[in-house]
Amino acid sequence: MQVPYVAFRDWPVGITQQVEQEVTRVLREQQFILGPDVQTFEDAFAKFLGAGFAIGVGSGFDALVLALKAVGVGPSDEVIIPANTFIATANAVAQLGATPVLAEPDKLTYNLTADTAAKLITTKTKAIVPVHLYGQTCQMDELMELCESYSLKLVEDAAQAHGATYKNQFAGTFGDAAAFSFYPTKNLGAVGDGGAVVTSNPELASFVSMYRNYGQQEKYHHQLVGINSRLDTLQAAVLRIKLKYLRQQNKERQRLANQYLKELQGIGDLMLPVTAEYCSHVYHIFNIRTSRRNELKNYLQQKGIQTAIHYPVPIHLQPAYSYLKYKKGSLTITEEVANTSLSLPLFPGLSKAEQEYIIQSVKAFFLNQDF
Ligand SMILES: Cc1ncc(COP(=O)(O)O)c(C=O)c1O
């Protein structure tokens, strides 16, 4: 059997047809940039989250840059981010001329905590960017308290956490602003690049909606030296359809995750995802850990099962960030997570037979019972 790491399946049945109809409609209407489709999706996404505003932008990376810029991050500022995130979080900080300061994650949830962030605060610190990694929310109360007591800005990287909650409140609604990505494989994914800045602060919302569109509020009247980072009309139309199914798809992700959790408990030295109290997990990524990661990955590959690693080389060991002067061994938890993590296939539409085959193969690897 061949099992892809991720695939776009028609789940729930009928979603593909609706998406195709929307694509055709937009092509026929010939409004390709902004317009009512973008506005409608922005309103629907903000409403879904319980936030004041969602502003569609070109990508999750742009959403981070714009959110950070909106809260005032600029050259010579320091911004604390988790060391074990996708490189975009760090690049967004660097893009604004600020310095990313890397914090170790919690050993069990792999998320940034107020404890590790607090140790890194200096007079230059401007903001903290918690990343709701793999789809699990960070402990937001403590992070919000920390930011408040040091007058720091809080910008959430919610690129992997559409629909995840902390104490029944959606990720992306805690900070001054939040960044979402609609990269196709995300829990809410477009059919190309896309992202959104979410905020309940009208001034930040107005800044972002002008800045993403050459700094104009009205055509050819520019208040700011802005950029072009608009959410495509086509993507917005597709996202509006897919948003309706986000809850259902997240539930399916949770069901699949629970099946893995049940079946893989106590197998070999496997460490399975741990969900912290109050933090819900929408399993954008189902991450397991083992000291035999590379061997397991190769074994599954031979069995026809694709897996992924999030992320094999931590930011502080990337050539691009050698200027930060972190040494190998300086962020031990982050390095250990990078060396032992493996992501198993988990997406809406993964079949029962496929998941059983994955579980059986993982068990066979650890129990030396090849089949
Ligand atoms: C944690 C995190 N932040 C930011 C991004 C950037 O999003 P995009 O690829 O849409 O630029 C991603 C995903 O790719 C991500 O996983």
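A residue counts as buried when its relative accessible area is under 20%, as exposed when that area is over 50%, and as partly exposed in between. Keep that handy for the exercises below, and remember that this model is predicted.

**Exercise 1.** Sort the partners of two other salt bridges, Glu354 with Arg9 and Lys303 with Asp370, into buried, partly exposed or exposed.

*Solution.* 
- Step 1: Take Glu354 and Arg9, whose closest N and O atoms are 3.0 Å apart.
- Step 2: Glu354 has 9% relative accessibility, so Glu354 is buried. Arg9 comes in at 31%, so Arg9 is partly exposed.
- Step 3: Next up are Lys303 and Asp370, which meet at 2.9 Å, N to O. Lys303 is in the loop between α10 and α11 (332–340), and Asp370 is in the segment after α12, 67 residues apart.
- Step 4: With a relative accessible area of 13%, Lys303 is buried, but Asp370 has 55% and is therefore exposed.

**Exercise 2.** Explain why Leu296 counts as buried, and list which residues it touches.

*Solution.* 
- Step 1: Look for Leu296 in helix α10 (residues 293–302).
- Step 2: Its relative accessible area is 0%, so Leu296 is buried.
- Step 3: Leaving out residues up to four places away in sequence, Leu296 touches Ile288, Thr290, Leu342, Phe365 and Phe366.
- Step 4: Check one of these contacts. Leu342 is 46 residues from Leu296 along the chain, yet their C-alpha atoms are separated by 8.7 Å.

**Exercise 3.** Describe what lines the largest pocket, by class and by domain.

*Solution.* 
- Step 1: The largest pocket has a volume of about 880 Å³. Among its 48 lining residues, Tyr183, Pro184, Thr185, Lys186 and His284 are the closest to its centre.
- Step 2: Sort the lining by class: 26 nonpolar, 15 polar and 7 charged residues.
- Step 3: Go by domain. Domain 1 (15–240) and domain 2 (246–368) each give at least three residues to the lining.

Definitions and conventions
Residues are numbered from 1 along each chain as its sequence is written. This is a predicted model: local features need pLDDT of at least 70, side-chain atom pairs count only at pLDDT 80 or more; totals for chains, interfaces and linings use all residues. Side-chain values use heavy atoms; hydrogens and water are left out. On a 1 Å grid over the protein atoms alone, a cavity is a set of points where a 1.4 Å probe fits but cannot get out, and a pocket is an open set with protein on both sides within 12 Å along at least five of seven lines; lining residues have an atom within 4 Å of a point. Grid points are joined across faces, edges and corners, and a volume is the space filled by probe spheres set on the points. Ala, Val, Leu, Ile, Met, Phe, Trp, Tyr, Cys and Pro count as nonpolar, Asp, Glu, Lys and Arg as charged, and the others, Gly among them, as polar. Domain bounds come from an automatic or database domain assignment. Helices (H or I, at least four residues) and strands (E, at least two) are DSSP runs, numbered from the N terminus. Buried means under 20% relative accessible area, exposed over 50%, partly exposed in between (1.4 Å probe, protein chains only). Contact means heavy atoms within 4.5 Å. A salt bridge is a side-chain nitrogen of Lys or Arg within 4 Å of a carboxyl oxygen of Asp or Glu.
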